[in-house]
Amino acid sequence: MSQKPYYITTPIYYPSDKLHIGHSYCTVATDVMARYKRLQGYDVMFLTGTDEHGQKIEQKAAAAGVTPKEYVDKVVAGIQDLWKLMNISEHRFIRTTDDYHEESVKKIFKKLYDKGEIYKGTYKGKYCTPCESFWTETQLVDGKCPDCGREVIDAEEEAYFFRLSKYGDRLLKLYEENPGFLEPKSRVNEMVNNFIKPGLEDLCVSRTSFTWGVPVDFDPKHIVYVWVDALSNYITALGYGNEKYHDFEKYWPADVHFVGKEIVRFHSIIWPAMLMALDLPLPKKVYGHGWLLLDGGKMSKSKGNVVDPAILCQRYSVDAVRYFLLREFPFGSDGNFSNEALITRINTDLANDLGNLVSRTVSMAIKYFGEKLPVEREADPMDDELIAMANALKAKVEEQMDAFQFQNAIAETMKLVSRTNKYIDETAPWVLCKDPSKTARLATVLYNMLESIRIASIFLTPVMPDACAKIQKQIGADAALCSWESGASFGQLPLDVKVEKGETLFPRIDMAKELEALGGGAQTQEKAPKTEKPAKEAKKQQEPASKETPEGVASLITIDDFAKVSFRVAQVIECTRVEKSDKLLKLQLDDGSGEPRQVVSGIAAWYTPEELVGKKVIIVANLKPAKLRGVMSQGMLLAADVGEAAKVVFVSDDVPNGAKVR
Ligand code: ME8
C-alpha cells in the first residue's frame, strides 16, 4: 500500500548572521511533527530553507564588502550546520537564490501578469526597509511600521501591483468555510478585523531601487517583491514551474505551513490570494505559533537579546533543548525563555522523572535477576491502572499532536512516567526481592515498569530521538518493538527481556553553578539597555563632542572608566533630516551586528544627509537609547569641536563595520 503524503513547511529564514533559539523553535516543532507523521507511516515532505533576496541583504553585503551571493553563502552554511546540530531530520532545503526557484518565480509572475492579476502602476507610499514591506499611511502605527515598529520611508516609483483588493470576499469565505485553515483561532479575528474588513489594497509586487532579487523577465529593471519570491518557495520546491523536482502533484496542497505570528498576514492573506489567482489549491492549514520572549520582549537580533541554541545544545544535549522548547511553551502562545526555566525543566522532567525511572528500573532488573527476567508471572489488580493508562496513551498523544499541542502531548506521556515512578513505590520491589515466593510477582512488576518505559519512549521519540533510542537499548526493546503502532498495546517485550546498563541519560544540573557559568553573556548576547533617558539628559548625551572642564582639559579618568565605553566603527546606510528640527539628522548605521542601528545626531547644521551616506564613523555603541524629538537614538557619533562647528570623525573604508575602537 502506498504511503499517504504529508507536506509540512517552516518559513524560509532570512540569512541574518546567526539564528537564535526563537528561530530554532519553529524548525524543531516542524521536525517533531515530521518525525511523528513518519512514525505514523506517512510519506513526509519537510521543507525549510532561506529567503535570500532583498534590499536588506544587498545592504549588508555592501557593508561587509562582499557580493550578496558571497554574503548569503556563508550565512546559509551556518544555518544548515545548526539544523544538523539540532538533529533536524530529513528535509528539503530551498534557497531563493537557487536557479530553479528563480526560474519558477519568473514564470509565476508572468502567469499572474498574463492573467491580468498583476498590472503596472505607480507606487506612492511608505516602505519599511528591515521588513521589506510596503504600507499605506493608514496602516502605520504612530507613523511607524506596524510589524516591527521601526521608521518607514517615503517611496514613489513605477511598479507592478497584484490585485489583492479583489480577494477580500473570497478570503472571508475561506475562513468561514474552513475554520481550520488558520489556527489558532485568535489569528483569524486579527486578520479579518485588522486587514480584510478595513479593505485590502492592491499589493505592490515589484521594486526598482535595488537589484538583488529575481528580475521580472519581461521588464528586468523591476525586481520581484521579496514576499512574492519567498512565498512561492512552498511550490517551487516541489517543482512547480521547473524541472528540478517532480513532487508537486504528490504533495501539494501542503498539510500545514508553520509560521511565526508576525508573518501570518503574508501566509493567510497574500499567499492564498496568490494561489487563487494562479488557480491552484490552497494549503490545508496555516498555524501561527507564538514567540519566545526574553525579559518579556521578542527575542530578536536588533534588540541584542538573543540566545544561541548551539551553546545550549552543547551544554545540555540537543534532546534536552528540543524537549524544553516543546514542553515548556504552548505552541500558539508567546513564552518567556529563561535559563532557570530550562534548567528546572531538565532537572525535574528529564533527570528526576524520566532518567531516574530508566536507571532505577534497569538497575533493579540487573540486581534482582542478572539482566534477564524470568518468564514466570503473577499479576495483581494493583497493576491495572498503570496498564490501562499505558494502553490509552497513544490516542491521547495523537489527539494532542494532531492539534499541534505539543506541550500537552508530551505532558500526557510524562504522566505515564510519573505514574510508573509511583507504581514502583506502591509495589516496593526492594521488599518483594527478599521473599523467594514472590519471584514471579517481582518479575511482573519489573516487566510492567519496562513496558511503561517502552511505551513512553515511543511517544517521546519525535521530540528526543537520540535519548529514546538509548532508552530502548537499555530496556532491551529492539526497533520492531518500538514502532508507533506497538505503543498502543502493553505487553510487547518478550517475557525474558534482557536489559543493559547504559550511560546516565540526563545528568542533573547544578542550577546555581550553571547560572553563574552562563552569566549574562555566555549564551545571551549583550542585552540592549531598555530604559530611555529623560529628554534633557538625552540631549546632553547627544552633544557632538565630549564636554571639557572649564579649564579646557577633561578631568582624568582611569583605564577602567575608559573601558566602560564601547566605541565601534559603523557605516552610514541612510540619512535623513529629523522633521521639525534644523539641528538633527537621523542615521541608519551598519554596526556589523547584522541589524541596522539608528542614531540621531545634532550635526544637521554642518552636514547634508547625502554627504554622510556611505561614510564610516565611530559610535558610542553602549550609550543608553534615548529619544530626541520623539525619535529613538541608539548611541552617538564622535565628532570634534571646531569653533562652533562639529566635525564628525570619519574612518577609512578598509576598517570593517563593527570594528572595536580603543
Ligand atoms: O520572516 N520566537 O524570516 P525570519 C519564535 N523570511 N519565533 C521566532 C522568533 C522568536 N523570538 N524570532 C523569529 C521571515 N521567529 C521570512 C519568512 S516565509 C515565506 C518567509 C520566527 O528569519 C519568525 O516568526 O525573520 C518566522 O516564522 C521565522 O522565525 C523566520 O523569521
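Where does proline 184 lie? Proline 184 sits in the loop between β7 (182-183) and α6 (185-196). Keep that spot in mind as we walk through this structure, which is a predicted model.

## Two cis peptide bonds

Let's begin with the backbone. Most peptide bonds are trans. With that in mind, look at the bond that joins glutamate 183 and proline 184: this peptide bond is cis, and its omega is about -10°. Proline 184 is the residue from our opening question, found in the loop that runs between β7 (182-183) and α6 (185-196).

Another cis peptide bond goes from tryptophan 252 to proline 253, with omega near 5°. To find proline 253, look in the loop between α9 (248-251) and β11.

## Positive phi angles

Now for another backbone angle, phi. Most residues other than glycine have a negative phi. Asparagine 87 is a residue other than glycine with a positive value, its phi being near 60°. You can find asparagine 87 in the loop between α3 (68-85) and β3 (92-95).

Alanine 428 also has a positive phi, near 45°, and is likewise not a glycine. Its place is the loop that links α15 (406-427) with α16 (429-432).

## Around the ligand

What surrounds the ligand? There are 24 residues around it, and the closest are Ile12, Asp51, Gly260, Glu262 and Leu292. Sorted by class, this shell holds 13 nonpolar, eight polar and three charged residues.

Three of these closest residues are worth a look at the level of atoms. A polar backbone atom of glycine 260 is 2.8 Å from an oxygen atom of the ligand. For glutamate 262, the side chain takes part: one of its N or O atoms is 2.8 Å from a ligand oxygen. At leucine 292, a backbone N or O atom lies 2.8 Å from a nitrogen atom of the ligand. How much of the ligand is covered? Taken alone, the ligand exposes 670 Å², and the protein buries 95% of that. Several elements give two or more residues to the shell, namely β1 (5-13), α1 (21-39), α7 (226-231), α8 (233-236) and β11 (256-260).

Finally, step back to the whole protein. The domain assignment gives domain 1 (5-289), domain 2 (333-488) and domain 3 (532-661). Between domain 1 and domain 3, the C-alpha centres are 36 Å apart. The contact between them draws 10 residues from domain 1 and 15 residues from domain 3.

The size of an interface is often given as the accessible area lost when the parts come together. For domain 1 and domain 3, the buried area is about 840 Å², and carbon and sulfur atoms give 42% of it.

Definitions and conventions: Residues are numbered from 1 along each chain as its sequence is written. This is a predicted model: local features need pLDDT of at least 70, side-chain atom pairs count only at pLDDT 80 or more; totals for chains, interfaces and linings use all residues. Side-chain values use heavy atoms; hydrogens and water are left out. A residue is near a molecule or strand if one of its heavy atoms lies within 4 Å of it. A polar contact is a pair of N or O atoms within 3.5 Å; within protein, one must be able to donate a hydrogen and the other to accept it, and residues adjacent in sequence count only if both atoms are side-chain atoms. Accessible areas come from the Shrake-Rupley method with a 1.4 Å probe; for residues, only the protein chains shown count as cover. Helices (H or I, at least four residues) and strands (E, at least two) are DSSP runs, numbered from the N terminus. Ala, Val, Leu, Ile, Met, Phe, Trp, Tyr, Cys and Pro count as nonpolar, Asp, Glu, Lys and Arg as charged, and the others, Gly among them, as polar. Domain bounds come from an automatic or database domain assignment. Contact means heavy atoms within 4.5 Å. Buried area is the accessible area (1.4 Å probe) that two parts lose on being put together, summed over both.
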